[in-house]
Amino acid sequence: MESEKAKILPFYVLIDVSASMSGRKLDEANQIMPQVVDALAEAPILADKVRFCVIDFGSDAQVRLPLCDVLDQHSSLPPLTIRGATSYAAAFRLLRSEIEINVKQLKADGYLVHRPAVFFISDGEPTDPEHEWRTAFQELTGYDKASGQGFSTYPNFVPCGVDQANPRTLATLIHPASGPKQMQMYLMEQGQNPADAIAAIAEILISSMLASGQSMAQGSSGMILPAKQDLPPGISAHSSDDFV
Amino acid sequence: MAAATETGPVEPAPEGKWQGYVDLYVVGDPGRAAAGVVPLPDESAWDRRDTVLDAFTLRDGRTRLVEVRAASVRGLAHRAYGRVRQDEYGYRRTSDGRYLVICVADGVSSGELSHKAATLAARWGTKWLAGLLERTEPADLPWGQFVRGVAGAIERYGRKLLRGREDLDAEKCDLREVAHRLATTVLYAVVDLRAHEGVHTAHVVTVGDTSAWVLREGGQWEPQEAVKNDGADVYSASVQALPLPPVTDPVPVRTTIRAGEALVLMTDGIGDPLGQGTGPVGRFLADVWSRPPASGVEFAAQIGFARKSFDDDRTVVAVWPVSAR
């Protein structure tokens, strides 16, 4: 396709598969993509434009589903499996390289690519050294428009925490953290069942995807997150300055 | 149901004497939206039509001068989400019969009243432009003043429509507040119906991403303006649109068309899939528009072709000169 301008909205779902995720939490995480597929089957306008990629991360990070049209593929998502520690750095580095490769390829194919959206789901603290994952996150999200320095196709980053995830750590991952296109963080409320919280996050991901599709139809290129009053029970939304 | 078969020979139904069918044009992968969208009405605008179309010939006495086809088709996304068609077109022939004035307007998606801006630009704008041509040559038209005039008319109309709103002061609010509710790209063209040695001159002015093309003989698409979003890193949906005045006065493009060619004016709903005109959509439209389609229905169906992920409103006005014999 040499000269056309089809629009693409890429979504990346990053899922923690460290040891603590085993059991019902992992079962719910494995249900995220089937639910996305069901929702897209009912939303043909959006289904023609959305692409999904699934990356899981434990001691390392792996692409479980390369960026694709999830209704187009007969290939099903390989089930997520538990792999030890929680390396945020590995997740951020792999995500950056995937985005870079995917956007380059989509543009070479003539698509207009909307800014990628990332849902990052974790149940614990990173186990790698702080300076390491912070550097990796900076390389993923840092971009100076004036000088053109950094990663111009940086994603909109939505961290989601359940169970033992540290709100203060996750809050620093909200990107953009301020401004008109500010993203949010979603947290499991105290005392909730973490598996239910993951199911609720899947719901937020889907409603965000549907709302973003509708807003594209209304001329916006931004990503839309659900309003606070529309959140499923057991989950709260936060902006980057909610934790100090 | 088996019992019903015992009632004796059934009279064959009389053979129907009719023919013809309506089918969807498809270019490449139609995507899921083409067949899967359930069209919803926009319950805030019952009188806004989904599709409008026209087909006519302009004559001088008994001599046919040009064939005109026009259609504006609501996009699949607007059908799916129950929103009006925001595109519009309009045209006028000047009272002396010399010129055909055309407008193609694309209401900016984010404004809930943008279709009204597009309609005003198409109807009032072409009327005003036709009036100007009674005393001005097309080459001397004061385009900057004209475009600012259309912008002013949209602003006044917008303030009137917004009266009584609680969320803003319709009279005093900033122009940007008005533009946020209703805005439109515009393209105006003036076609000289009097050919010189078989050649018709056309002047085209655009504000925003509505585009003018000449479909040359042999199927080559020739853009009459820069093509949008070339070279951008990440796609941006922002467009230039009235009532916000353009930063600089629009510069008219002068072009010519002759029999066997067509002047094709279109909104980005069809301009985007057309791209540079060299892909499958360009070849499809060049094939079906190598001569004027037989009817407006045919023309609208062609504009409404299915192609994956292209779901915006689409509007085209096309002019085919008729060869003089």
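1. In what follows, a helix axis is a line fitted to C-alpha atoms over the stretch in contact, and angles run from 0 to 180 degrees between N-to-C directions. The model is a predicted one, and with that in mind the axes of helix H3 (residues 114-132) and helix H4 (residues 143-161) of chain B come within 10 Å and cross at roughly 140°. This angle makes H3(B) oblique to H4(B), and the crossing is right-handed.

2. The residues that form this contact include Leu120(B), Trp124(B) and Trp128(B) on the side of H3(B), and Phe146(B), Ile154(B) and Tyr157(B) on the side of H4(B). Sorted by class, the contact of the two helices has 13 nonpolar, three polar and one charged residues.

3. In chain A, Asp128(A) sits in the loop between strand E5 (117-122) and helix H4 (130-141), and it counts as partly exposed because it has 16 C-beta neighbours inside 10 Å. Beyond its neighbours within four places in sequence, Asp128(A) is in contact with Ser87(A), Tyr88(A), Ala89(A) and Trp133(A), while its C-alpha atom is separated by 9.0 Å from that of Ser59(A), 69 residues apart along the chain.

4. Two cis peptide bonds deserve a look: the one from His175(A) to Pro176(A), with omega near -10°, and the one from Leu242(B) to Pro243(B), with omega near 15°. Pro176(A) belongs to the loop between helix H5 (167-171) and strand E9 (185-188) of chain A, whereas Pro243(B) lies between strand E8 (220-223) and strand E9 (253-258) of chain B, also in a loop.

5. Although it is not a glycine, Glu197(B) has a positive phi of about 55°; this residue is exposed, with 6 other C-beta atoms within 10 Å.

Note on methods: Residues numbered from 1 in each chain as written. Chains lettered and ligands numbered in written order. Predicted model: local features only at pLDDT ≥ 70, side-chain atom pairs only at ≥ 80, totals over all residues. Helix = DSSP H or I, 4+ residues; strand = E, 2+ residues; numbered from the N terminus. Buried ≥ 20, exposed ≤ 12 C-beta atoms within 10 Å, placed from the backbone. Contact = placed C-beta atoms within 7 Å. Parallel < 35°, antiparallel > 145°, perpendicular 65-115°, else oblique. Left-handed = near helix turned anticlockwise from the far one by under 90°. Nonpolar A, V, L, I, M, F, W, Y, C, P; charged D, E, K, R; others polar.
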